[in-house]
Amino acid sequence: PSLMVDLDISGTEVTEHLPTFASPCLMESLITNNNNLNGTTDSFKECTSLRKLDISHNSFSGPFHGQLFEKVRTVNLSNNKLSGSISFISSFDKAQSIDVHSNNFTGEVPYRVLEKYTQLTYLDLSDNKLSGLPIRNTDGFDRTLKYLNLSHNYFSGPVTPLFKSMEDYYTAPEDSDVQNDEMRFKSSV
């Protein structure tokens with residue numbers, strides 16, 4: 001078993017890929033941001049005790065297998081080459097911050113799952129290839145959310161109650177077209 005609790009190799013210019021962590025992996029914090037790590041995220045999929053995961057600003061690619069990270073509070077996967085479905089965020093219901101911007105995730109946001117996120121304050125899904133209507137029902141979700149970025153995706157449809165309840169602190173991004181209760185985010189193809 002891996003007995004390491006925290007690993008922070010941020011900004012150390014590490015290249016190559018992470019070694020596979022043995023099961024059971026009891027690590028609670030994995031921070032590898034600002035390196036040139038590549039490969040898939042399979043090397044730490046056994047680390048189911050993670051509370052903080054930051055692999056941002058690397059070159060990880062392929063799908064993210066995060067269904068096992070039920071304890072995670074902070075997730076930053078931004079600025080990688082990750083792809084595939086975004087459905088993995090459904091396991092992050094205890095998260096306070098989710099940042100997956102600047103990847104190649106596709107599909108619709110699992111909005112029914114997001115409804116049960118009562119602690120989420122930060123959500124950045126920008127610069128992906130997400131589609132559909134991003135959020136439909138916001139019971140509980142909009143009470144804690146302080147930051148939301150959905151720009152540079154393929155979302156379309158009516159402005160939901162979420163945006164109406166956020167009017168006091170929501171500003172449409174410069175690259176969006178929000179008018180007549182319709183939201184169209186321009187894509188950056």
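What follows is a working chat about a predicted model of one protein chain.

Trainee: What do I need to know about the model before reading numbers off it?
Mentor: The model is predicted, so local features need pLDDT of at least 70 and side-chain atom pairs count only at pLDDT 80 or more, while totals for chains, interfaces and linings use all residues. Residues are numbered from 1 along each chain as its sequence is written, and side-chain values use heavy atoms, with hydrogens and water left out.

Trainee: How many helices and strands does the chain have?
Mentor: There are two helices and 16 strands. Both are DSSP runs numbered from the N terminus: helices are H or I with at least four residues, strands are E with at least two.

Trainee: And what share of the residues is buried?
Mentor: 47% of the 189 residues count as buried. Buried means under 20% relative accessible area, exposed over 50%, and partly exposed in between, with a 1.4 Å probe and protein chains only.

Trainee: What is the accessible surface of the chain?
Mentor: About 9,100 Å², and carbon and sulfur atoms account for 47% of that. The areas come from the Shrake-Rupley method with a 1.4 Å probe; for residues, only the protein chains shown count as cover.

Trainee: What about contacts, how many join residues at least 24 apart?
Mentor: 37%, taken among contacts between residues at least 6 apart in sequence. Contact here means heavy atoms within 4.5 Å.

Trainee: Switching to cysteines. Which ones form a disulfide?
Mentor: Cys25 and Cys47, with their sulfur atoms 2.3 Å apart. The cut-off for a disulfide is a pair of cysteine sulfur atoms within 2.5 Å. The structure holds one such link.

Trainee: Where do the two cysteines sit?
Mentor: Cys25 is in the loop between S2 and S3, and Cys47 is in the loop between strand S4 (36-39) and strand S5 (52-54). They are 22 residues apart, and the pair links distant parts of the chain.

Trainee: Right-handed or left-handed, and are the cysteines buried or exposed?
Mentor: The link of Cys25 and Cys47 is right-handed, with 80° about the S-S bond. Cys25 and Cys47 are both buried.

Trainee: Which peptide bond is cis?
Mentor: The one from Ser23 to Pro24, with omega near 0°. Pro24 lies in the loop between strand S2 (15-16) and strand S3 (29-31).

Trainee: On to rings. How many aromatic pairs are there?
Mentor: The count comes to seven aromatic pairs. Rings of Phe, Tyr and Trp (its six-membered ring) pair if their centres lie within 6.5 Å; planes under 30 degrees apart count as stacked, over 60 as edge-to-face and the rest as tilted.

Trainee: Why is the pair of Phe64 and Phe88 edge-to-face?
Mentor: Because their planes are at 65°; the ring centres are 4.9 Å apart. Phe64 lies in the loop between strand S6 (59-62) and S7, and Phe88 in the loop between S8 and strand S9 (97-99), so the pair ties together parts that are 24 residues apart in sequence.

Trainee: What does Phe88 do with Phe105?
Mentor: Phe88 and Phe105 form a tilted pair, 5.1 Å centre to centre with 55° between the planes. Phe105 is in strand S10 (residues 104-108), 17 residues from Phe88. Phe88 and Phe105 are both buried.

Trainee: Which residues are in the ring cluster?
Mentor: Ring pairs link Phe44, Phe60, Phe64, Phe69, Phe88, Phe92 and Phe105 into a cluster.

Trainee: Last topic. Where is Ser126, and what is it in contact with?
Mentor: Ser126 is in the loop between strand S11 (122-124) and S12. Ser126 counts as buried because its relative accessibility is 2%. Leaving aside neighbours within four places in sequence, Ser126 is in contact with residues including Val100, His101, Asn149 and Asn153.

Trainee: And Leu145, buried or exposed?
Mentor: Leu145 is buried, with a relative accessible area of 0%. Leu145 lies in the loop between strand S12 (129-132) and strand S13 (147-149). From C-alpha to C-alpha, Leu145 and Gln96 are 8.9 Å apart in space, and they are 49 residues apart in sequence.
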